[in-house]
Amino acid sequence: MPRQGLTSARVSAAAAELADSVGLSRLTVAAVARHFGVSDAALYVHVRSRDALIQHVAVRAAATFADDLAIAVAGRAGHRALVGFADAWRAFAVEHPGQYAAIQLPLPPEVGTNSAGHLRMIELSYAMLRGYGLDEPALTDAIRFVRSTFHGFASLENADGFDHPRAVDASWHSIIDAMHTTLSNWPTGTREQK
């Protein structure tokens with residue numbers, strides 16, 4: 001019988017907070033159980049394994065992340081949409097490092113295809129880049145460019161990887177301006193794989 005007041009939603013929320021504070025790699029069912037002051041067995045009513053716990057965190061985080069991105073690009077296009085999207089991406093990654101890490105993990109198909117947040121993140125990415133007049137296959141290439149740039153920057157920032165006196169924010173704004181120029185002049189030809 002489930003412990004009174006302990007729900008799947010509360011377990012997922014607590015796991016997300018713990019992932020941010022201790023790191024996703026240290027998130028365990030036992031750590032969440034300790035948070036609630038219950039036995040590990042009490043949590044298994046709500047989550048069947050550590051993998052399932054991390055999947056819950058990923059799905060929950062993706063929904064929040066997608067909401068942040070949607071607000072940031074609403075009513076904007078081109079450079080303004082890119083800046084809003086980029087700033088929302090970086091803010092989420094830096095403020096919620098454990099949840100951000102969970103979003104990056106591959107999910108089983110039955111979880112990923114039913115995660116509205118993950119699907120919405122993809123849709124928002126494509127919509128923002130369509131403002132640059134890109135169609136396939138350039139659209140997919142541009143998404144890979146944007147995602148790898150934002151993810152790389154946020155990952156380095158989270159790891160204190162920028163050890164230089166220049167302000168990190170100044171570099172970030174320069175990168176976004178350079179990205180805007182690149183996206184505005186995206187090559188139209190495709191190079192076939194050999």
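In the predicted model, Pro108 is situated in the loop that connects α6 with α7 (109–112). This proline counts as partly exposed because its relative accessible area is 23%, a value between the 20% limit for burial and the 50% limit for exposure. Pro108 and Asp160 are 52 residues apart along the chain, and their C-alpha atoms are separated by 31 Å.

Asp160 belongs to the loop between α9 and α10 (168–184). Its relative accessibility is 68%, so Asp160 is classed as exposed, the cut-off for that class being over 50%. The backbone at Asp160 has a positive phi, near 55°, in a residue other than glycine. Most residues other than glycine have a negative phi, and most peptide bonds are trans. A cis peptide bond is found between Glu136 and Pro137, with omega at about 0°. Pro137 is placed in the loop between α8 and α9.

The secondary structure of the protein chain consists of 10 helices and zero strands, and the order along the sequence is accordingly α-α-α-α-α-α-α-α-α-α. The C-alpha trace extends over about 60 × 40 × 40 Å along its principal axes. Of the 194 residues in the protein chain, 41% are buried. Where contacts join residues at least 6 apart in sequence, 67% of them link residues at least 24 apart.

The UniProt record, an unreviewed entry, assigns the feature "domain: HTH tetR-type" to residues 5–65. That span is 70% helix and 0% strand, with its end C-alpha atoms 27 Å apart. The annotation "DNA-binding region", also from an unreviewed UniProt entry, covers residues 28–47.

Helix α1 comprises 15 residues and reaches 21 Å from its first C-alpha to its last, close to the 21 Å expected at 1.5 Å a residue. The buried residues of α1 are Val11, Ser12, Ala13, Ala14, Ala15, Ala16, Leu18, Ala19 and Asp20. These buried positions pack against α2 (29–36), α3 (40–43), α4, α5 and α6. After α1 comes Gly23, with a positive phi near 100°.

Helix α4 has 24 residues and should therefore span 34 Å at 1.5 Å a residue, which agrees with the 34 Å between its end C-alpha atoms. Gly75 follows α4 and has a positive phi, near 75°.

Rolling a probe the size of a water molecule over the atoms shows where empty space is left. A search of the whole structure identifies one cavity of 30 Å³ or more. The largest cavity holds about 30 Å³ of space, and its lining is formed by Ser8, Val11, Ser12, His46, Val47, Leu53 and His56. Two or more residues of this lining come from each of α1 (8–22) and α4 (50–73), with α1 giving the most, three residues. By class, the cavity lining contains three nonpolar residues, four polar residues and no charged residues. Val11 and Ser12, which are among the lining residues, are also among the buried residues of α1.

The largest pocket contains about 440 Å³ of space. Its lining consists of 21 residues, with His118, Met121, Ile122, Ser125 and Arg147 lying nearest the centre of the pocket. The elements that each give two or more residues to the pocket lining are α5 (78–95), α6 (97–104), α8 (116–130) and α9 (138–158). Among these helices, α8 gives the most, with seven residues. The pocket lining has 14 nonpolar, five polar and two charged residues.

Note on methods: Residues are numbered from 1 along each chain as its sequence is written. This is a predicted model: local features need pLDDT of at least 70, side-chain atom pairs count only at pLDDT 80 or more; totals for chains, interfaces and linings use all residues. Side-chain values use heavy atoms; hydrogens and water are left out. On a 1 Å grid over the protein atoms alone, a cavity is a set of points where a 1.4 Å probe fits but cannot get out, and a pocket is an open set with protein on both sides within 12 Å along at least five of seven lines; lining residues have an atom within 4 Å of a point. Grid points are joined across faces, edges and corners, and a volume is the space filled by probe spheres set on the points. Helices (H or I, at least four residues) and strands (E, at least two) are DSSP runs, numbered from the N terminus. Ala, Val, Leu, Ile, Met, Phe, Trp, Tyr, Cys and Pro count as nonpolar, Asp, Glu, Lys and Arg as charged, and the others, Gly among them, as polar. UniProt positions are given in the numbering used here, feature names are shortened, and annotations may be inferred rather than shown by experiment. The expected span of a helix is 1.5 Å times one less than its number of residues. Buried means under 20% relative accessible area, exposed over 50%, partly exposed in between (1.4 Å probe, protein chains only). Contact means heavy atoms within 4.5 Å.
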